[in-house]
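Subject: Structure handover

Hello,

Here is the structure I said I would pass on. Please open it first, then read the notes below.

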Amino acid sequence: MMARPWQTPQLLLAILVALVALTHQERRKTFMSVEEVPVSEPQVIATLQFVINDFNKKSDDKYNFRIVRVLKVRKQVTDHMEYHVNMEMRRTTCQKLETTNCMFQEGELYKQIECFYSVFVVPWFEKYKILNKNCTDG
């Protein structure tokens, strides 16, 4: 049985689309890696600084927060880089415009939160974008 002349281009197009899709999937799998990385890595430090600045800028709290402890950092690499960060933050004595000598709050103003962030990062352009954020009282 032979394909009619008008069916041949459709069949070839379907085959081409399938091959492109398979090649794209194969390439994504090949170049993808996920690994836990140390907090001391320079790009992690820069990402954490971006996260805390963004958090404080968008927060309705009168006081700034600061990172107490980083629990885990994972780096995911595909066609871009993502950092997935679990951390604890506490309210400081510094109000919004203050940034130096910020001690942690004690007493009734004490507040600690645990946060998970996913951050899109293009390090060579110093580009950051928060993809996901979830903070809960600790």
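A search of the whole structure finds two disulfides, a disulfide being a pair of cysteine sulfur atoms within 2.5 Å. In general terms, such a link is a covalent bond between the sulfur atoms of two cysteines.

Before the details, a note on the source. This is a predicted model, in which local features need pLDDT of at least 70, side-chain atom pairs count only at pLDDT 80 or more, and totals for chains, interfaces and linings use all residues. Residues are numbered from 1 along each chain as its sequence is written, and side-chain values use heavy atoms, with hydrogens and water left out.

Disulfides

Cysteine 94 and cysteine 102 are bonded, with their sulfur atoms 2.0 Å apart. The torsion about this S-S bond is about -105 degrees, so the disulfide is left-handed. Both cysteine 94 and cysteine 102 are buried (buried means under 20% relative accessible area, exposed over 50%, partly exposed in between, with a 1.4 Å probe and protein chains only).

The other pair is cysteine 115 and cysteine 135, with sulfur atoms 2.0 Å apart. It links distant parts of the chain: cysteine 115 lies in strand β4 and cysteine 135 in strand β5, 20 residues apart. Strands (E, at least two residues) and helices (H or I, at least four) are DSSP runs, numbered from the N terminus. The torsion about the S-S bond of cysteine 115 and cysteine 135 is about 115 degrees, so this disulfide is right-handed. Cysteine 115 is buried, at 2% relative accessible area, whereas cysteine 135 counts as partly exposed because its relative accessibility is 27%.

Strand β4

Nine of the eleven residues of β4 are buried, so the strand is largely enclosed by the rest of the structure. β4 runs antiparallel to β3, joined by ten bridges, and antiparallel to β5, also joined by ten bridges; strands pair if DSSP finds at least two bridges between them. Cysteine 115 stands opposite cysteine 135 in β5. β4 and β5 form a hairpin with four residues between them, and glutamate 126 in the turn has a positive phi of about 50 degrees.

Confidence

The mean pLDDT (the predictor's confidence in each residue, from 0 to 100) of the protein chain is 85, and 78% of its residues reach 70 or more. Over residues 26-30 the pLDDT is below 50. Where pLDDT is low, the predicted coordinates should not be read in detail.

Regards

Technical notes: Contact = heavy atoms within 4.5 Å.
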